[in-house]
Amino acid sequence: MVTIRTDLTVRQATADDVPALLPMLAQAFSTGTVAEWAVPEPADRLEVFTGYFRYMLALGLRHGRVDTTNDLSGAAIWYRRDETPPPHPDHLYGLEEATGRYAPKFLLLDAMFEARHPRLPHAYLAYIAVHPAAQTRGVGSALLAHAHEALDMENLPAYLEASNPRNRDLYTHHGYEAGPPMQPTSAGPPFWPMWRGQLNGGVRASFPPPNPYYRRPR
């Protein structure tokens with residue numbers, strides 16, 4: 001059972017919110033096993049993730065939707081996806097410029113996520129983060145509930161990648177089903193693809209068939 005906070009207002013973010021959202025996203029993502037793998041040097045992590053999310057926020061505001069809360073304690077970056085990947089010819093160059101000498105691992109993650117991505121219409125939650133001081137207080141659940149309400153009105157599926165078991169279990173409580181984990185390398189951190197299917201007679205559709213272009217490691 002998920003308790004949704006009623007004292008938080010979720011709204012669409014604008015460029016004016018970037019100065020507050022950028023450090024929040026960078027702090028939230030610069031800790032944990034994924035950050036340690038992507039940026040092994042601790043002294044570089046916050047700077048690298050600041051550059052990374054400066055770029056990702058710009059992309060989200062331009063091509064997707066960025067949600068935030070009235071107190072700017074959390075943010076979620078969503079995209080609408082159809083059967084084919086969105087054409088962003090300069091995306092890889094921008095990603096490399098944003099992450100510098102650590103770009104190879106970020107590019108590897110990007111390629112893995114794209115290879116595993118479902119090829120049917122859905123909403124894609126690329127990133128969700130809560131300020132470290134506000135975590136475990138229902139901010140993430142409020143952001144999810146706000147987006148899910150709109151998606152359920154359209155009966156549109158949603159997809160994301162969970163980066164740790166705790167988040168995977170949280171998303172499960174919000175109606176997502178976890179698929180087999182994937183790893184960028186044999187020593188890399190696991191990610192769980194997660195699918196919140198359409199409702200058919202009150203039952204959510206199961207995970208779609210694997211992308212034919214993705215091969216599971218043997």
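Helix α1 packs on helix α3 through two sets of residues. Val 18, Leu 21, Leu 22, Leu 25, Ala 26, Gln 27 and Phe 29 of α1 meet Leu 46, Phe 49, Thr 50, Phe 53, Arg 54, Leu 57 and Leu 61 of α3. Contact here means heavy atoms within 4.5 Å. Helices (H or I, at least four residues) and strands (E, at least two) are DSSP runs, numbered from the N terminus. The model is predicted: local features need pLDDT of at least 70, side-chain atom pairs count only at pLDDT 80 or more, and totals for chains, interfaces and linings use all residues. Residues are numbered from 1 along each chain as its sequence is written, and side-chain values use heavy atoms, with hydrogens and water left out.

The axes of α1 (residues 18-29) and α3 come within 8 Å and cross at roughly 130°. Axes are lines fitted to C-alpha atoms, for helices over the stretch in contact, and angles run from 0 to 180 degrees between N-to-C directions. The two helices are therefore oblique to each other. On this scale, angles under 35 degrees count as roughly parallel, over 145 as roughly antiparallel, 65 to 115 as roughly perpendicular and the rest as oblique. The crossing of α1 and α3 is right-handed. A crossing is left-handed if the near helix is turned anticlockwise from the far one by less than a right angle, and right-handed if clockwise.

Leu 25 is one of the α1 residues in this contact. Leu 25 is buried, with a relative accessible area of 1%. Buried means under 20% relative accessible area, exposed over 50%, and partly exposed in between (1.4 Å probe, protein chains only). Leaving out residues up to four places away in sequence, Leu 25 touches Phe 53, Leu 57 and Ala 129. Leu 25 and Tyr 127 are 102 residues apart in sequence, yet their C-alpha atoms are 9.0 Å apart in space.

From α4, the contact draws on His 91, Leu 92, Leu 95, Glu 96 and Thr 99; from α5, on Ala 103, Phe 106, Leu 107 and Asp 110. His 91 counts as buried, at 15% relative accessibility. The structure holds 14 aromatic pairs. Rings of Phe, Tyr and Trp (its six-membered ring) pair if their centres lie within 6.5 Å; planes under 30 degrees apart count as stacked, over 60 as edge-to-face and the rest as tilted. Phe 53 and Tyr 127 form an edge-to-face pair, at 5.2 Å centre to centre and 80° between the planes. Phe 53 lies in helix α3 (residues 42-63) and Tyr 127 in strand β4 (residues 122-130), so the pair ties together parts that are 74 residues apart in sequence. Phe 53 is buried, with a relative accessible area of 0%. Tyr 127 is also buried, with a relative accessible area of 15%. Tyr 171 and Tyr 176 form another edge-to-face pair, with 6.0 Å between the centres and 65° between the planes. Both of these tyrosines are buried.

Phe 53 and Tyr 127 also belong to one aromatic cluster with Phe 29, Phe 49, Tyr 52 and Phe 106. Elsewhere, a charge sits over a ring. Arg 168 lies over the face of Trp 192, at 4.8 Å from the ring centre. The criterion is that NZ of Lys or CZ of Arg is within 6 Å of the ring centre and within 35 degrees of the ring normal.

Most residues other than glycine have a negative phi. Leu 72 has a positive phi of about 60° although it is not a glycine. Leu 72 is found in the loop between β2 (65-69) and β3 (74-81). At 24% relative accessibility, Leu 72 counts as partly exposed. Asn 155, not a glycine either, has a positive phi of about 55°. The loop between α6 (139-154) and β5 (158-162) holds Asn 155. Asn 155 is partly exposed, at 27% relative accessibility.

Of the 218 residues, 45% count as buried. Among contacts between residues at least 6 apart in sequence, 73% join residues at least 24 apart.
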